[in-house]
Amino acid sequence: HRKDLTDIRREVGRVPTLLRQKKSEDAEKTLKEADEKLKAIVKESGLDAEDRVISSVQQLVDTQKRALLKYKVDAGEIEETSFTKDVAPILNARCVSCHGEDNPRNRLRLDSFAGMKKGGQSGPLLTIGEPDKSLIIARVKSTGNDRMPRGGQALNAKEIEAISTWILQGAKFDSKDESALLATLVPATRAKPKETVNIAKATGNETVSFTKDIAPFMVNLCVR
């Protein structure tokens with residue numbers, strides 16, 4: 001495994017040269033393979049991903065991922081990420097329920113760009129230009145008890161990449177009022193055509209169980 005880690009370091013060390021040669025696809029392939037090999041080593045060795053030996057190689061991979069992302073942005077291979085179109089919808093859907101005006105846990109409000117920029121009890125959320133040093137990325141990528149959204153489904157890779165890219169590109173706010181609620185910034189979704197809905201009518205002979213019928217949706221929708 002140590003030999004494999006040394007090989008990964010050597011391969012990842014080629015990424016800067018590949019980028020100078022404008023071979024971004026080869027660089028991306030190299031980093032993807034490095035990620036897969038690291039995951040296999042963690043599984044086979046029984047070591048924790050936070051182990052110093054593993055994490056040091058992972059940090060090298062992450063550094064080159066940022067370099068690749070910056071290269072793609074500068075080369076025009078990917079468009080600039082929009083806060084209102086790409087980031088605000090994620091925050092509004094996944095974070096505001098616990099970090100809104102009525103329930104700002106840890107004194108952190110994520111229902112506006114101003115609140116996000118201000119940060120909360122744990123400090124600033126954003127380190128401009130450096131996603132991996134930004135608290136918000138650390139929280140959504142964490143595999144421990146501090147992972148956010150707490151008690152909810154983790155953000156997927158595409159959502160994390162959108163926020164990371166936005167931070168790397170300068171965490172720009174592309175609207176007028178930083179204090180505006182995210183719900184007012186999120187682009188409206190296209191209305192679906194009306195469908196005929198058949199509603200079942202009660203006969204009076206039904207029985208309803210609190211534990212089986214009422215409690216589950218209260219736990220899912222209300223308790224958190």
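Student: Which helix gives the most to the lining of the second largest pocket?

Tutor: Happy to start there. This is a predicted model, and in it helix H7 gives the most to that lining, with four residues. Both H5 and H7 supply at least two residues each.

Student: What is the volume of the second largest pocket, and which residues lie nearest its centre?

Tutor: The volume comes to about 410 Å³. The lining has 25 residues, and those nearest the centre are His-99, Asn-106, Leu-108, Arg-139 and Met-148. By class, the lining divides into 13 nonpolar, six polar and six charged residues.

Student: Now the largest pocket. How many residues line it, and which helices supply them?

Tutor: The largest pocket has a volume of about 1900 Å³ and is lined by 41 residues. Helices H3, H4, H5, H7 and H8 each supply at least two residues of that lining. The largest share, 11 residues, comes from H4. Nearest the centre you will find Gln-58, Asp-62, Lys-65, Asp-132 and Lys-141. The lining has 17 charged, 14 nonpolar and 10 polar residues.

Student: Lys-65 is a charged residue by that count. How should I read a salt bridge?

Tutor: The general idea first: side chains of opposite charge can pair when their charged atoms come close. Now the case here: Lys-65 meets Asp-35 in a salt bridge, 2.4 Å from N to O. Asp-35 lies in helix H3 and Lys-65 in helix H4, so this pair ties together parts that are 30 residues apart in sequence.

Student: Is each partner buried or exposed, or something in between?

Tutor: Buried means under 20% relative accessible area. Asp-35 has 16%, so Asp-35 counts as buried. Lys-65, with 33%, is partly exposed.

Student: How many salt bridges does the structure hold?

Tutor: There are 12 salt bridges in the structure. One of them joins Glu-178 to Lys-117, with the closest N and O atoms 2.8 Å apart. Glu-178 lies in the loop between H8 and H9, while Lys-117 lies in helix H6, so the pair ties together parts that are 61 residues apart in sequence. Both partners are partly exposed: Glu-178 has a relative accessible area of 29%, and Lys-117 has 48%.

Student: What about Lys-133: what is its partner, and is Lys-133 buried or exposed?

Tutor: Lys-133 forms a salt bridge with Glu-130, the closest N and O atoms being 3.2 Å apart. Lys-133 is exposed at 57%, whereas Glu-130 counts as partly exposed at 30%. Elsewhere, salt bridges that share partners join Lys-3, Asp-7 and Arg-10 into one network.

Student: Let me try a polar contact. Which side chain is joined to that of Ser-82?

Tutor: That of Thr-84, through a polar contact of 3.2 Å. Ser-82 sits in the loop between H4 and H5, and Thr-84 lies in helix H5. Ser-82 is buried at 11%, and Thr-84 counts as buried at 12%. Leaving aside neighbours within four places in sequence, Ser-82 is in contact with Val-87 and Asp-174.

Student: And Tyr-71, which residues does it touch beyond four places away in sequence?

Tutor: Tyr-71 touches Leu-19, Lys-22, Ser-24 and Glu-77. Tyr-71 is in helix H4 and counts as buried at 19%. Take Leu-19 as an example of reading sequence against space: Tyr-71 and Leu-19 are 52 residues apart along the chain, with their C-alpha atoms separated by 7.3 Å.

How values were computed
Residues are numbered from 1 along each chain as its sequence is written. This is a predicted model: local features need pLDDT of at least 70, side-chain atom pairs count only at pLDDT 80 or more; totals for chains, interfaces and linings use all residues. Side-chain values use heavy atoms; hydrogens and water are left out. On a 1 Å grid over the protein atoms alone, a cavity is a set of points where a 1.4 Å probe fits but cannot get out, and a pocket is an open set with protein on both sides within 12 Å along at least five of seven lines; lining residues have an atom within 4 Å of a point. Grid points are joined across faces, edges and corners, and a volume is the space filled by probe spheres set on the points. Ala, Val, Leu, Ile, Met, Phe, Trp, Tyr, Cys and Pro count as nonpolar, Asp, Glu, Lys and Arg as charged, and the others, Gly among them, as polar. Buried means under 20% relative accessible area, exposed over 50%, partly exposed in between (1.4 Å probe, protein chains only). Contact means heavy atoms within 4.5 Å. A polar contact is a pair of N or O atoms within 3.5 Å; within protein, one must be able to donate a hydrogen and the other to accept it, and residues adjacent in sequence count only if both atoms are side-chain atoms. A salt bridge is a side-chain nitrogen of Lys or Arg within 4 Å of a carboxyl oxygen of Asp or Glu.
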